Amino acid sequence: MRTRIAAGNWKMNTTLQDGIELAKAIQQFINNFPLESHKRVVLGIPFTHIYPIVQEVDYKHISVAAQNCAKWEKGAYTGEVSAEMIRSVGAHYIIIGHSERRQYFHETNEDLKTKVELCLKQSLRPIFCVGEKLDEREQNKQFEVVEKQLQESLFHLDAEHFSHIVIAYEPVWAIGTGKNATPQQAQEMHMFIRQLIAKRYSPTLANNITILYGGSCNAQNAALLFSQPDIDGGLIGGASLKTNEFIEIIKLL
Ligand code: PEP
């Protein structure tokens, strides 16, 4: 059975104290209502919060994720944080290729390929983000854009390494805009991604890969999105910062 995931992306929000409170509240909910074994919560949090929040959550149900890592292994890169450092403070997942990183930090598919390799070497599971911009969807180019992102950053991996990847389809026009993709639009893309994986690797591997939807996902629209056959949960930005709303989303997994 595929793992279903509710992943929060806190972005550059919360003080450490606020973050601990939020993580504790989610842990408390899960203590009262344990998740089935194929369901998991992943908290994508700022670097500064990783070590302390790892101490507050039970890895049985909740994993901690970083939101980025350096594209180098180690050395004279002042201000950068390596995959090895992230793993050493207890994170198990890492968001790679978020559209905000691609847009504001000019991360290319080639950079992301390197980051994915560095993460896998440290046994960090990438939550790899793909998705088209608004003008690309308007020109009906969403499938070629996503295929290129997968081809250039992930499809060089062998099947064993690829099996550790989680994919997040995040149409850029839907992130933080309040405009989510319809369940049909999201399902269509998720099915397309699964077909590409089946072609590149195998139908079995394609069937086992977790593919999340991200983009203005909230407690109101998650039920319909999550009920689509190829959608295995969500990567949630804004709504993951609101304790009760994120808990409602977890319940819908
Ligand atoms: C995100 O940042 O990955 C995201 C999906 O944000 P939001 O849910 O706020 O659109």
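Start by selecting Ser 123, in the loop between α5 (109-121) and β5 (125-130). Helices (H or I, at least four residues) and strands (E, at least two) are DSSP runs, numbered from the N terminus. This is a predicted model, in which local features need pLDDT of at least 70, side-chain atom pairs count only at pLDDT 80 or more, and totals for chains, interfaces and linings use all residues. Residues are numbered from 1 along each chain as its sequence is written, and side-chain values use heavy atoms, with hydrogens and water left out.

**Stop 1: Ser 123.** Check the backbone here. Ser 123 is not a glycine, yet its phi is positive, about 60°. Most residues other than glycine have a negative phi. Is Ser 123 buried or exposed? It is exposed, because its relative accessible area is 52% (buried means under 20%, exposed over 50%, partly exposed in between, with a 1.4 Å probe and protein chains only).

**Stop 2: helix α5.** Colour its buried residues: Asn 109, Asp 111, Leu 112, Lys 115, Val 116, Leu 118, Cys 119 and Leu 120. Then show their cover, which includes α3 (83-88), β4 (93-96), α4 (99-104), β5, α7 and α8 (159-162).

**Stop 3: Asn 140.** Select the loop between α6 (134-138) and α7 (142-153), where Asn 140 lies. Asn 140 also has a positive phi of about 60° and is not a glycine. Its relative accessible area is 56%, so Asn 140 counts as exposed.

**Stop 4: helix α9.** Which residues of α9 are buried? They are Pro 183, Ala 186, Gln 187, Met 189, His 190, Phe 192, Ile 193, Arg 194, Leu 196 and Ile 197. An α-helix has 3.6 residues a turn, so residues three or four places apart point the same way.

**Stop 5: Gly 8.** Go to strand β1 (residues 4-9), which holds Gly 8. Gly 8 is buried, because its relative accessible area is 1%. Draw a line to Ser 240: 232 residues away in sequence, 5.0 Å away in space, C-alpha to C-alpha. Beyond four places in sequence, Gly 8 is in contact with Val 42, Leu 43, Gly 44, Leu 235, Ile 236, Ser 240 and Phe 246. Contact means heavy atoms within 4.5 Å.

**Stop 6: His 38.** Select the loop between α1 (16-32) and β2 (39-44) to find His 38. His 38 counts as buried, because its relative accessibility is 16%.

**Last stop: the whole protein.** Zoom out. The secondary structure comes to 12 helices and 8 strands. The C-alpha atoms fill a box of roughly 45 × 45 × 35 Å along the principal axes. Buried residues make up 54% of the 253 residues. Of the contacts between residues at least 6 apart in sequence, 71% join residues at least 24 apart.
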